[in-house]
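Work through the exercises below with the sequence and the structure at hand. Each task is followed by a solution in steps.

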Amino acid sequence: GGCFGSKPQAPTPKPFQLYEHDVACDSITLSWELRSGADCYEVQYRPTKGGTEWKKMSEGSSNYVRKKNLNQDTEYSFRMRYKKNGNYSEFCEPLTLKTLSMELVQSRMAQPKVDVIDGVSVRVIFDRPPRTKKSEVQIKHEDGAGWTTVSTEVMSGSVKKRNLRAGQGYMFRTRGWNRDTDSWGAFSEPTVITRTKMLHPSFKDQFGELLQDRERNMITTDHLAGKVVGVYFSAHWCPPCKMFTPQLAKFYKATKDAGVNFEIVFVSSDMDGIMFRNYLSEMPWLAVPFRQMSRRAKLRSKYEVQGIPRLVILNSKGKIVCEDGARTSLSPQQIQNWERE
């Protein structure tokens with residue numbers, strides 16, 4: 001016997017390229033993705049008009065570089081190569097960018113602020129200048145790749161960005177659509193690198209990689225990063241549970257309104273999936289999926305659950321801070337205190 005077919009080809013490396021990071025009236029900042037095994041990177045520049053000779057701008061190991069002392073409202077071209085094992089690569093395709101005019105500088109929004117919510121989401125907050133119809137928000141990963149648009153239709157002064165990766169660094173920038181000029185202004189200065197929170201390993205040990213919400217969406221457990229977590233043992237068939245759940249939902253809403261980092265994970269003791277789904281539909285929080293019966297049993301054993309309802313509260317490091325919140329007077333302030341522990 002033998003194997004037939006063509007030999008698998010090695011993956012083609014990603015095209016090497018420069019990206020715009022920031023453009024001001026007298027400077028341009030560039031970035032690029034690091035190349036495996038590269039010793040250093042050389043960046044060259046020249047004015048696009050009348051600039052025939054390329055000049056060395058920088059040579060180093062960083063993947064961000066800023067060229068200062070440029071003329072305003074002027075177009076420049078940039079190119080780069082990297083050195084590996086003593087040999088230079090070919091230059092990448094030139095990138096052409098234009099410094100801002102004073103008119104565009106005046107249209108530039110202030111640098112946004114970023115609030116980290118958990119391991120997968122942040123809130124970007126910015127000041128909207130007068131006469132701004134809408135705003136565009138862009139995101140960039142710390143690896144130096146290009147900007148990606150989050151939304152071009154932001155009508156308020158903040159936007160929540162979800163589906164990020166835990167423990168990763170991100171930057172953001174914004175620009176506004178001016179009603180008078182009927183055009184986009186210049187992008188703001190980018191934020192510094194903001195890192196999403198890391199989930200304590202004990203949470204994935206307990207809950208696995210994915211949890212479920214009441215719309216049956218699967219949500220990464222990284223959503224719990226940096227939060228106080230209530231592990232709610234309950235069941236649809238249990239009368240005391242049916243009385244307590246609406247009270248807990250009211251308290252949960254109060255913590256959200258107060259901006260407290262609190263999440264609940266429902267661990268069901270229901271006997272069938274229909275009862276579980278009906279009960280979860282009344283809950284604004286997450287749940288261990290019903291099919292994960294052995295995981296739910298292990299959680300009941302771990303926390304020595306003898307009766308329900310039971311609400312075991314953990315701080316962000318997975319330590320028990322309250323054995324049973326179902327029989328304790330809770331307040332958003334108390335949750336916030338546990339968040340700081």
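The model is predicted: local features need pLDDT of at least 70, side-chain atom pairs count only at pLDDT 80 or more, and totals for chains, interfaces and linings use all residues. Residues are numbered from 1 along each chain as its sequence is written, and side-chain values use heavy atoms, with hydrogens and water left out.

**Exercise 1.** Locate Lys227 and decide whether it is buried or exposed.

Step 1. Helices (H or I, at least four residues) and strands (E, at least two) are DSSP runs, numbered from the N terminus. Lys227 sits in the loop that links β18 (218-220) to β19 (228-234).

Step 2. Buried means under 20% relative accessible area, exposed over 50%, and partly exposed in between (1.4 Å probe, protein chains only). Lys227 is buried because its relative accessibility is 3%.

**Exercise 2.** List what surrounds Lys227 and find the polar contact its side chain makes with another side chain.

Step 1. Contact means heavy atoms within 4.5 Å. With neighbours within four places in sequence set aside, Lys227 is in contact with Ile117, Asp118, Asn261, Glu263, Asn315 and Ser316.

Step 2. A polar contact is a pair of N or O atoms within 3.5 Å; within protein, one must be able to donate a hydrogen and the other to accept it, and residues adjacent in sequence count only if both atoms are side-chain atoms. The side chain of Lys227 has such a contact with the side chain of Asp118, at 3.1 Å.

Step 3. The backbone oxygen of His223 is also reached by the side chain of Lys227, at 3.3 Å.

**Exercise 3.** In which order do the strands of the open sheet containing β10 follow one another?

Step 1. Two strands pair if DSSP finds at least two bridges between them. The order is β9-β10-β13, an open sheet of 3 strands with antiparallel pairing.

Step 2. At the edges are β9 (113-116) and β13 (158-161), each pairing on one side only.

Step 3. Between β9 and β10 (residues 122-125) there are 4 bridges. Val122 in β10 is the bridge partner of Val116.
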